[in-house]
Amino acid sequence: IRRPPRSTPKPSSAASDVYKRQSMEFLINQHGYIQDYILSYPSLSVVICILIIAVMISLMGPITPVCILAGFYFGLYVGLLIAIIGEITGAVIVFLYGRYLFKAYILKQFGERFKKFKDGFNRNSISYLLFIRVIGGVPFGIQNLLPAVLDMKFRDYFIATIFGVIPWAYILVSIGNGIQNIMETQNFSSSDILKIEYLLPVLLISIIVIVPVIYKFIKKRFLV
């Protein structure tokens, strides 16, 4: 007599609920640990966060979550300072190793295709780099690497980086700070969303998105 094959037992809903509760408790405990660490070692925590952003940029990694967390844990002003210093430091590191370690290799790969672009870029490099930093659309790692390969002066690169990273750093840090404010507010209502500190990042993103569209329209209509 053949016995029917055993079916793999499915986890009960009770076991699943326990797992979810444990996962949530773990996240809450980590959140509390991070807050306690920041309160105990505020200066060291700021330095660590700056280094994390700089290292992530150096490795061409994503920095958006870290900048949001900087705003969440450190507030708007300290978080913004952390994001700006970290991004500038990481951008300088990428520029230096791009110019002195990988420039010859990249130029060898692309050859003469870079020449026209390089000439146009270097005519007004600060404005060009500021534009692509503020408007976005180009990965941040490429924004840092291309000027190094295209022989942009370090002074111009540094100036454009300082002013270019501020808008997006402010937006991301503001998002994190807004989440923290909402969590700390006891009686939060939908009308609170209309406060300027929540609306300003959304307004900045809208402006950044719409500026290229307006520029293309004006160029097509009046400058051609």
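Phe 95, Phe 154, Tyr 157 and Phe 158 form one aromatic cluster in this predicted model, where rings of Phe, Tyr and Trp (its six-membered ring) are paired if their centres lie within 6.5 Å. The structure holds 6 aromatic pairs. Tyr 37 and Tyr 41 make up a tilted pair, with 5.0 Å from centre to centre and 45° between the planes; planes under 30 degrees apart count as stacked, those over 60 as edge-to-face and the rest as tilted. Both tyrosines are partly exposed, Tyr 37 with a relative accessible area of 27% and Tyr 41 with one of 45%, where buried means under 20% relative accessible area, exposed over 50% and partly exposed in between (1.4 Å probe, protein chains only).

The model is a predicted one, in which local features need pLDDT of at least 70 and side-chain atom pairs count only at pLDDT 80 or more, while totals for chains, interfaces and linings use all residues. Residues are numbered from 1 along each chain as its sequence is written, and side-chain values use heavy atoms, with hydrogens and water left out.

The protein chain has 9 helices and 0 strands, and its pattern along the sequence reads α-α-α-α-α-α-α-α-α; helices (H or I, at least four residues) and strands (E, at least two) are DSSP runs numbered from the N terminus. Of the 224 residues in the protein chain, 32% are buried. The protein chain exposes about 15300 Å², of which carbon and sulfur atoms supply 68%, with accessible areas taken from the Shrake-Rupley method with a 1.4 Å probe and, for residues, only the protein chains shown counted as cover. Among contacts (heavy atoms within 4.5 Å) between residues at least 6 apart in sequence, 79% join residues at least 24 apart.

In soluble globular proteins, nonpolar side chains tend to be buried together. The largest nonpolar core has 29 residues, and those with the most contacts inside it are Cys 49, Ile 53, Cys 67, Phe 74, Leu 80, Ile 82 and Ile 84; such a core is a set of buried Ala, Val, Leu, Ile, Met, Phe, Trp, Tyr and Cys residues joined through side-chain atoms within 4.5 Å. Two or more residues of this core come from each of α2, α3 (64-100), α7 (140-149) and α8 (154-184), and α3 gives the most, with 15 residues. When residues up to four places away in sequence are not counted, Ile 53 touches Ile 63, Val 66, Cys 67, Ile 82, Ala 83, Gly 86 and Glu 87. A second, separate core of 10 residues includes Ala 91, Phe 121, Ile 132 and Met 152.

Ile 52 lies in helix α2 (residues 42-58) and is partly exposed, with a relative accessible area of 39%. In helix α8, Ile 179 is likewise partly exposed at 39%, and its C-alpha atom is separated by 8.8 Å from that of Gly 71, 108 residues apart along the chain.

Most residues other than glycine have a negative phi. Met 60, in the loop between α2 and α3, has a positive phi near 60° and counts as partly exposed at 39% relative accessibility. Asp 151, in the loop between α7 and α8, has a positive phi of about 65° although it is not a glycine, and with 31% relative accessibility Asp 151 also counts as partly exposed.

The structure holds 1 salt bridge, defined as a side-chain nitrogen of Lys or Arg within 4 Å of a carboxyl oxygen of Asp or Glu. This salt bridge links Arg 155 with Asp 156, the closest N and O atoms being 3.3 Å apart. Arg 155 is exposed, with a relative accessible area of 56%, whereas Asp 156 counts as buried at 11%. Asp 156 is 32 residues from Asn 124 in sequence and 9.9 Å from it in space, C-alpha to C-alpha. Asn 124 itself is found in the loop between α5 (113-123) and α6 (125-135), and at 44% relative accessibility Asn 124 counts as partly exposed.
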